[in-house]
Structure formats: C-alpha cells, structure tokens
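Subject: Model handover

Hi,

Here is the model we talked about. Please open it alongside this note, and my findings follow below.

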Amino acid sequence: MYSSSFRLTNRDIDLAFEADRLFLVCQPKLCLATGGTLGAEAYIRWNHPDYGLLPPGLFLSFIERRERSGELTRFVARAAAETLVRWRGAGLDWPLSINLGAPDLADMGLPGALDGICPLSTSDASDDPPCVALVVPPGLHTTTSPPHA
C-alpha cells in the first residue's frame, strides 16, 4: 500500500488544509447493557492526492516534527464542533471526544482557541453540554498526588 518512497512535505500539509483533504471519522461509543449510543470519538484522516487515504499513524509524527500539531488540533476541534451542530440539528445529542497529543499539553494558546471554537453556553449546562470532550492518552499526563475523593 505505501512504498518505501512514501514521503510527505510541508507543502503536502499546506495543501491538506487548503484543499479540505483532512476530515474526521467518528467511532461510536456504545452501552453494552442497552446497545444505545453514548457518544463518539473523532479521528482524523487525510485523503492525500498521491497516496490515498492515510491513517493518523502515517502523518501525525510528521506534523509534530514540523511543529504544526496546534494547527491540526484546532482543525479537529472545529470539525468536531461542526459535526455536533449537524448531529444536534438531526436530534442527536451525543458527546464527541477528540484526542490530544503531547504538544497540545504544552500549547498555552490551546485553551483560548478551544473557547473560541466551542464557546461556553450561557444557558443551563444540563441543557447544553460542552461541545467537545478532550481525551489525553495514557502516559501523557501524570499526577504527583492521588486525586481527592
């Protein structure tokens, strides 16, 4: 599928953003007891013009090395927020989670950017839950003390 000549460039990243080649796929989270949908987790994919559909394992480290993780995370958050708007318009009130990477945890501008993408509601929180849940993969975040009960 991918030959040893598989190479991405900075221009590839630029074109991926400019030409809408990046998109989300959503994996449902199901309740085993009821079979009902509890929400979903969003995953990024790249439809590359030369290499076809790329899973994140083939491009995330490249984007991180080019210090463009923040740009990608903001794109994913915007796309997730747009997905939630479509879902809510269809009567689906599921939470949607996105994954953060190590560079995101050090990005001091990310909280403000997310506030702009997913503004807090002025209505009752139970009527309008947060638009996107953030997932920090195991091992990226450690605590120095146990959580309080």
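One cut-off first: a residue counts as buried when its relative accessible area is under 20%, as exposed when over 50%, and as partly exposed in between. Keep in mind that this is a predicted model.

W87 has a relative accessibility of 15%, so W87 counts as buried. W94 has a relative accessible area of 27%, so W94 is partly exposed.

Now the aromatic pairs. The structure holds three of them. One is W46 with F59, in an edge-to-face arrangement: 5.3 Å centre to centre, with 80° between the planes. W46 sits in strand β2 (residues 37-48), and F59 in the loop between β3 (52-54) and α2 (60-65), so this pair ties together parts that are 13 residues apart in sequence. Both W46 and F59 are buried. W87 and W94 make another edge-to-face pair, at 5.4 Å centre to centre and 75° between the planes.

Next, the core. The largest nonpolar core has 32 residues, and L22, I44 and W46 touch the most other members. Two or more residues each come from α1 (10-18), β1 (22-30), β2, α2, α3 (69-89), β4 (96-99) and α5 (110-117). The largest share is from α3, with nine residues.

What does I44 contact, leaving aside its neighbours within four places in sequence? The list is L22, F23, L24, P56, F59, L60, L72, F75 and V76.

Best wishes

Terms used. Residues are numbered from 1 along each chain as its sequence is written. This is a predicted model: local features need pLDDT of at least 70, side-chain atom pairs count only at pLDDT 80 or more; totals for chains, interfaces and linings use all residues. Side-chain values use heavy atoms; hydrogens and water are left out. Rings of Phe, Tyr and Trp (its six-membered ring) pair if their centres lie within 6.5 Å; planes under 30 degrees apart count as stacked, over 60 as edge-to-face and the rest as tilted. Helices (H or I, at least four residues) and strands (E, at least two) are DSSP runs, numbered from the N terminus. Buried means under 20% relative accessible area, exposed over 50%, partly exposed in between (1.4 Å probe, protein chains only). A nonpolar core is a set of buried Ala, Val, Leu, Ile, Met, Phe, Trp, Tyr and Cys residues joined through side-chain atoms within 4.5 Å. Contact means heavy atoms within 4.5 Å.
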